[in-house]
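Dear colleague,

I am handing over the structure that we talked about, with notes on what was found in it. Please read the notes beside the model itself.

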Amino acid sequence: MPELPEVEIVRQSLNRQVKNRKIINIQVNNRNLRLKVPKNFEKIFKNTVIEKIQRKSKYLILVFNNHLYCVIHLGMSGTLHFIGQKKKNTNLSFYGSQSLPKKHNHIIFRFKNFKLIYNDPRRFGFFKILKNRSDYLSFFTRIGPEAISKDFNKEYLTRILKNRTKNIKSLLLDQKLVSGLGNIYVNEILYQSKVNPFKKSHLIDLNESKRIVKYSKIILNKAIYFGGSSIRDFKGITGKSGNFQSEFKVYDREEKRCSRNKCSGLIRRKIISNRSTFMCTVCQK
């Protein structure tokens, strides 16, 4: 599943291509996504103009000139593709190859000179209509502050850690508490913070909290700068792959030496909540 940096790169790509563009029409081939695509979806957005593209955590939000919002979540395998007049395909999304199997083209947005196609083999993504600002604010009350935002600070983290017995990795992955983080970046954040991912949340001390907040922001911003992590052929609108994976310190580095100077530790792979967890045997005791 794409994490905050990858969704932000998709947002930037969409912003360059569809901002202030009119949707000529919409074709829905399959309404059976994670949330069923409303029957009036095509009619509501036909001939509307996309005024801006926002991102909230791992969600994309299209803001329209008729004051409606369309929230998009890519799920596990959703990809967005631009098809221009020369039928060149640019895959904007984190998972998936440049190929575009037609049977998984569930929604097609037609603009004057190009199409934007939503392709999703697993159909875990969704499109949701929000009718006004109140609905928008209500929808996003279900998630915690973004790890990249000023609201995610040592005071907030210290408060949510208190009296919680779940391990720190699971807590950081809980979108109701901290939004935008996924498995890859939590591995990297905890390594840089020198925190054992199995450590109980209520045992995290103030210095560890400060480091977690600090490296959450550093790593996510750096990942955005590098264009995301191209684990499975992610490309932005320019066709350039993300390359933050070259900066990984622990993720997918099982049995390799710790990259810290004078550290003799090895990177081990363990499992937390059915997810691969990579950690240094010395730095993260």
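Predicted model: local features only at pLDDT ≥ 70, side-chain atom pairs only at ≥ 80, totals over all residues.

Residues are numbered from 1 along each chain as its sequence is written, and side-chain values use heavy atoms, with hydrogens and water left out.

**Salt bridges**

The structure holds eight salt bridges, a salt bridge being a side-chain nitrogen of Lys or Arg within 4 Å of a carboxyl oxygen of Asp or Glu. One of them joins Arg55 to Glu8, with 2.9 Å between the closest N and O atoms. Since Arg55 lies in strand S2 and Glu8 in helix H1 (residues 4-18), this pair ties together parts that are 47 residues apart in sequence. Helices (H or I, at least four residues) and strands (E, at least two) are DSSP runs, numbered from the N terminus.

Arg55 also meets Glu146 in a salt bridge, again given from N to O, at 2.9 Å. Here the link runs from Arg55 in strand S2 to Glu146 in the loop between helix H3 (133-139) and helix H4 (154-161), and the two residues are 91 residues apart. Arg55 counts as buried because its relative accessibility is 18%, and Glu146 counts as buried at 11%; buried means under 20% relative accessible area, exposed over 50%, and partly exposed in between (1.4 Å probe, protein chains only). Glu8 is buried as well.

A further salt bridge is formed by Asp174 and Lys166, whose closest N and O atoms are 3.4 Å apart. Both residues of this pair are partly exposed, Asp174 at 21% relative accessibility and Lys166 at 34%. As for networks, salt bridges that share partners join Glu8, Arg11, Arg55 and Glu146 into one.

**A positive patch**

Lys19, Lys52, Lys56 and Arg133 form a positive surface patch. Patches are made of residues with over 30% relative accessible area and no salt bridge, like charges being joined within 9 Å and nonpolar side chains (Val, Leu, Ile, Met, Phe, Trp, Tyr) within 5 Å. For the charges, Lys and Arg count as positive and Asp and Glu as negative, while His and the chain ends are not counted; the place of a charge is taken as NZ of Lys, CZ of Arg, CG of Asp or CD of Glu. The areas come from the Shrake-Rupley method with a 1.4 Å probe, and for residues only the protein chains shown count as cover.

**Polar contacts**

Thr79, in strand S5 (residues 79-84), is buried at 4% relative accessibility, and its side chain makes a polar contact of 2.9 Å with the side chain of His81. A polar contact is a pair of N or O atoms within 3.5 Å; within protein, one must be able to donate a hydrogen and the other to accept it, and residues adjacent in sequence count only if both atoms are side-chain atoms. Ser193 sits in the loop between helix H6 (183-192) and H7 and is buried, with a relative accessible area of 0%; a polar atom of the Ser193 side chain lies 3.5 Å from the backbone nitrogen of Ile212.

**Positive phi angles**

Arg123, although not a glycine, has a positive phi of about 65°; Arg123 is in the loop between strand S8 (114-119) and strand S9 (126-130) and is partly exposed at 34% relative accessibility. Lys262, another residue other than glycine, has a positive phi near 65°. The loop that holds Lys262 lies between helix H7 (206-225) and strand S10 (267-272), and Lys262 is exposed, at 89% relative accessible area.

**Pairs distant in sequence**

Glu155, found in helix H4 and partly exposed at 48% relative accessible area, is 51 residues from Leu206 along the chain, while their C-alpha atoms are separated by 9.4 Å. Ile148, in the loop between H3 and H4, is partly exposed at 21% relative accessibility; Ile148 and Tyr215 are 67 residues apart in sequence and 9.8 Å apart from C-alpha to C-alpha.
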